[in-house]
Amino acid sequence: MGLVQVAQHAEDLDRAAAFYADLLGAPPTARFDPPGLLFFDLDGVRLLLDVGAPSALLYLRVDDVAETIERLRARGVVVESEPHVIFRHDDDTLGPAGTDEWHAFVRDSEGNLVGLVSQRP
């Protein structure tokens with residue numbers, strides 16, 4: 001069994017498309033409007049932006065959470081929580097042993113909270 005798709009609320013598909021294309025560094029993979037569905041590929045998992053979906057809390061892996069936050073802040077994205085260490089990986093259970101798990105949170109163009117995650121030594 002594997003995760004196929006995650007849905008996130010989007011009131012304005014054009015605005016959401018621009019935000020997520022910038023954040024993810026890739027354009028949408030498909031759009032069906034009507035009924036108001038926009039898809040991005042997250043390493044084989046579909047991110048569905050949908051007018052009818054509820055808000056979800058997404059955690060997206062980024063190479064460097066601090067650098068990503070500064071890039072987004074410069075574009076006017078609301079930063080809800082600055083980069084901070086959540087925990088240290090003592091073993092490989094949830095990430096590479098010997099790394100710290102860093103998180104930060106931003107608001108997307110639709111008002112949804114989005115977590116950004118990276119691991120650093």
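User: Which strand is Gln 8 found in?
Analyst: Gln 8 is found in strand E1; strands here are DSSP runs (E, at least two residues), numbered from the N terminus. This is a predicted model, where local features need pLDDT of at least 70 and side-chain atom pairs count only at pLDDT 80 or more, while totals for chains, interfaces and linings use all residues. Residues are numbered from 1 along each chain as its sequence is written, and side-chain values use heavy atoms, leaving out hydrogens and water.

User: Is Gln 8 buried or exposed?
Analyst: Buried means under 20% relative accessible area, exposed over 50%, partly exposed in between (1.4 Å probe, protein chains only). Gln 8 has 0% relative accessibility, so Gln 8 counts as buried.

User: How do I read the sheet, and what is the order of its strands?
Analyst: Strands of a sheet pair through backbone hydrogen bonds, either parallel or antiparallel. Two strands count as paired if DSSP finds at least two bridges between them. Here, four strands make an open sheet in the order E1-E4-E3-E2, with mixed pairing. E1 (5-9) and E2 (30-32) are at the edges with a single partner strand each, so one side of each lacks a neighbour in the sheet.

User: And aromatic pairs: how many does the structure hold?
Analyst: A ring pair is described by the distance of the centres and the angle of the planes. Rings of Phe, Tyr and Trp (its six-membered ring) pair with centres within 6.5 Å; planes under 30 degrees apart are stacked, over 60 edge-to-face, the rest tilted. The structure holds four such pairs. For Phe 19 and Tyr 20, the centres are 5.1 Å apart and the planes at 80°, so this pair is edge-to-face.
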